[in-house]
Amino acid sequence: MVRDGQLPTGSAGHETGRSARVPAPLLILVAGVLWGTIGIFGKAADLSGLDWADVAFWRAAATGGLFLVHAALTRARLPRGRDLALTLGFGVVAVAVLYASFQLAVLTGGAGLAAVLLYSAPAFVAVMAWAFLRERMTWVELVGIAATIGGVALVSLSTGGASIGVAAIGWGLLAGFTYSLYYIFGKAMFPRYNAVALFGVALLAGAVALLPFAEFPAVGSDAVASIAGLAIVATYLPYLAYARGLTRMPATHAAVIASIEPVVAATLSALLYGERLGWMGILGASLVLSAGIWLSVAHTAPRPRLAWLRRRRGV
């Protein structure tokens, strides 16, 4: 997922000398590749005997714990008062629903499709930024939103090997919508708090919200390994890599590099689970992915042509 605008440049704490020597584009690339394994680990957890609620709960609980330990080690300030209430509410509404809906999207449509539909988030961000943050809606946003809608329509009509139905599209779009709330939340909170502290609190709140739905069945070491991979490899580590890489390169470039995520997810799901889209689904996925990159890059890049038009009109 393109995460521009969601992470402050210092959100991962101070860089160590070793991490500072790693090229920033490589850090962003690693983050995108690791994020592409979210659905793969989620599918593996399902096959090991965990249902969607158990997977979502343990992902939120384990990753939240990692973020809080990170916050403690870096002495990051935790939110208090109204900010704490807002963070807890964000965890319940956004984190819990996102983790649950994404896992359900993986189970009903496949890991690759779920990753592609997560890229609808920039379109939701554009609409909400216009509706609630009073940001201008230009032709750039309109083109991105139209491409997203068209891409989702094509994916829904695909007749490839993957089982694509209303449920798969619905869960995927719900995941995209709830992920877009991270931008709105971050816009208000990241300038004042370290993101690891906010995520630690929000993720644990999301885990508590998911607790009533979890069944906690008796499982083996394969389930434990899947959850560990989902929390550490697919969530915590790519966050750190992306945040540190973003401190040393433009967000626009990072958006393009990180877009390898759905490509990795689709490739791994095809190789490991035989999930494939038909030609129409591939075309639709390309549209959704392109729209996500388009909106993310447009959000961070300067627009000299539009600025020239405003100067000409005296605005």
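Over the face of which ring does K43 lie? In this predicted model, K43 lies over the face of Y273, at 5.8 Å from the ring centre.

K43 belongs to helix α3, residues 38-47, where it is buried along with I38, G39, I40, G42 and A45. The buried residues of α3 are covered by elements that include α2, α4, α5, α6, α11 and α13, and after the helix comes G49, whose phi is positive, near 115°.

One of the elements covering α3 is α2, and L26 has its place in this helix, which spans residues 24-35. L26 counts as partly exposed because its relative accessibility is 41%, and together with L29, V30 and V33 it forms a nonpolar patch on the surface, with about 260 Å² of accessible area in total.

Turning to the aromatic rings, the count comes to 16 aromatic pairs. One of them joins F57 and W58 edge-to-face, with 4.9 Å from centre to centre and 75° between the planes; F57 counts as buried because its relative accessibility is 10%, whereas W58, at 36%, is partly exposed. The rings of F67 and Y236 also form a pair, and because their planes stand at 65°, with the centres 5.4 Å apart, this pair is edge-to-face. It links distant parts of the chain, since F67 lies in helix α4 and Y236 in helix α11, 169 residues apart. F67 is buried at 3% relative accessibility, and Y236 is buried at 14%. Both residues belong to one aromatic cluster, whose members also include F90, Y179 and Y239.

Terms used:
Residues numbered from 1 in each chain as written. Predicted model: local features only at pLDDT ≥ 70, side-chain atom pairs only at ≥ 80, totals over all residues. Heavy atoms only, no water. Patch = residues over 30% accessible without salt bridge, like charges linked within 9 Å, V, L, I, M, F, W, Y side chains within 5 Å. Areas by Shrake-Rupley, 256 points an atom, 1.4 Å probe, with all protein chains shown as cover. Salt bridge = Lys/Arg side-chain N within 4 Å of Asp/Glu carboxyl O. Helix = DSSP H or I, 4+ residues; strand = E, 2+ residues; numbered from the N terminus. Buried < 20%, exposed > 50% of the residue type's maximum accessible area, 1.4 Å probe, protein only. Contact = heavy atoms within 4.5 Å. Phe/Tyr/Trp six-rings, centres within 6.5 Å; stacked < 30°, edge-to-face > 60°. Lys NZ or Arg CZ within 6 Å of the ring centre and 35° of its normal.
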